[in-house]
Amino acid sequence: MSVAKKEYKRVTVKSLIEMKEHAEKISMLTAYDYSMAKIVDGAGIDVILVGDSASNVMAGHETTLPITLDQMIYHASSVIRAVKRALVVVDLPFGSYQSDPKEALRSAIRIMKESGAHAIKLEGGKEIKESIKRILNAGIPVMGHLGLTPQSIYKFGSYTVRAKEEEEAQKLKEDAIFLEKTGCFAIVLEKIPAKLAREVAESVSIPVIGIGAGNGVDGQVLVLHDLLGMTYEFSPRFLRRYMNLYDDMTKALSRYVDDVKALDFPNEEEQY
Ligand code: KIV
């Protein structure tokens, strides 16, 4: 079903709030480099997240913890050079904001200044309230992230669904309201029960964007490489693969190898 929607030449934090008011769902995807970001932006995605999932997807680490602020800035500035329409949000990496609010602000300023990003995202609720406030006071838009927060993976012990128990669900609801009251412009909810996610989305006026959080929220986010089927080891229930690029690329590359070995490439037309 196609949904009539307002055309946004440039998506801003205000546009996202307007989309929620008009019940227009928000599309969000990750990108970490210039070439992919150009395609993602050209396809009309509303928000591009330069996620710290770059640590897994681009660098092959097991978790998001190792990626550094300098590396995030490198990815973010590559993405920014490609983007004309989408709002670009950049993750503050692990270790760049948890120790004290001044450091959090310094990290956020570096991202904004050195990459040209439009907003930052960080993981957590009330426990990082001073950092969030300080960043917001500097005029930097902040997106929250609750539920499964991968930077805390060693505390959780696994990537299973979060907030299934009442106590954790209650804390998550309170944190979402806290993030809205503090001035965050949106919240990502990762891998929590759909019913809880819908409740949260209905309880706040800022957009709630889900990943593995059902369809009662205001938008969806996925990791680009998962959606394109470039990764195959990762197969959570919430992932819809729109392509099988891993297989398609492998076939294309094998053909190239065969052509080179068979002296079929380059042919007469492909040389000077
Ligand atoms: O880093 C990331 O890709 C994310 C999304 C999973 C929301 O935070």
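The following exercises, each with a worked solution, concern the predicted model shown above.

Residues are numbered from 1 along each chain as its sequence is written, and side-chain values use heavy atoms, with hydrogens and water left out. Because the model is predicted, local features need pLDDT of at least 70 and side-chain atom pairs count only at pLDDT 80 or more, while totals for chains, interfaces and linings use all residues.

**Exercise 1. The surroundings of the ligand**

Task: State which residues surround the ligand, and give the distances from oxygen atoms of the ligand to the side chains of aspartate 52, serine 53 and lysine 121.

Solution. 

Step 1. A residue is near a molecule or strand if one of its heavy atoms lies within 4 Å of it. The residues around the ligand are Thr30, Leu49, Gly51, Asp52, Ser53, Asp91, Lys121, His145, Val188, Glu190, Ile211 and Val223.

Step 2. A polar contact is a pair of N or O atoms within 3.5 Å; within protein, one must be able to donate a hydrogen and the other to accept it, and residues adjacent in sequence count only if both atoms are side-chain atoms. For serine 53, a polar side-chain atom is 2.5 Å from a ligand oxygen. An N or O atom in the side chain of lysine 121 lies 2.9 Å from an oxygen atom of the ligand, and for the side chain of aspartate 52 the corresponding distance is 3.0 Å.

Step 3. The ligand taken alone exposes 260 Å², of which the protein buries 95%. Accessible areas come from the Shrake-Rupley method with a 1.4 Å probe; for residues, only the protein chains shown count as cover.

**Exercise 2. The two sides of helix H1**

Task: Determine which residues of helix H1 are buried and which are exposed on the other side.

Solution. 

Step 1. Helices (H or I, at least four residues) and strands (E, at least two) are DSSP runs, numbered from the N terminus. Buried means under 20% relative accessible area, exposed over 50%, and partly exposed in between (1.4 Å probe, protein chains only).

Step 2. Helix H1 spans residues 13-21, and its buried residues include Ser15, Leu16, Met19 and Lys20. They lie on the same side of H1 because they cover an arc of only 145 degrees around the axis; the arc is that of the directions from the helix axis to the C-beta atoms.

Step 3. Lys14 and Glu21 are exposed on the other side of H1.

Step 4. An α-helix has 3.6 residues a turn, so residues three or four places apart point the same way.

**Exercise 3. Helix H11 and the segment after it**

Task: Describe the nonpolar surface patch that includes Val260, and the backbone at leucine 263 and proline 266.

Solution. 

Step 1. Patches are made of residues with over 30% relative accessible area and no salt bridge: like charges are joined within 9 Å, nonpolar side chains (Val, Leu, Ile, Met, Phe, Trp, Tyr) within 5 Å. Tyr256, Val257, Val260 and Phe265 form such a nonpolar patch, with about 350 Å² of accessible area together.

Step 2. Valine 260 belongs to helix H11 (residues 245-261) and is partly exposed at 36% relative accessibility.

Step 3. Leucine 263 lies in the segment after H11. Although leucine 263 is not a glycine, its phi is positive, at about 60 degrees. Its relative accessible area of 72% makes leucine 263 exposed.

Step 4. Proline 266 is also placed in the segment after H11. The peptide bond from phenylalanine 265 to proline 266 is cis, with omega near -5 degrees.

Methods:
Salt bridge = Lys/Arg side-chain N within 4 Å of Asp/Glu carboxyl O.
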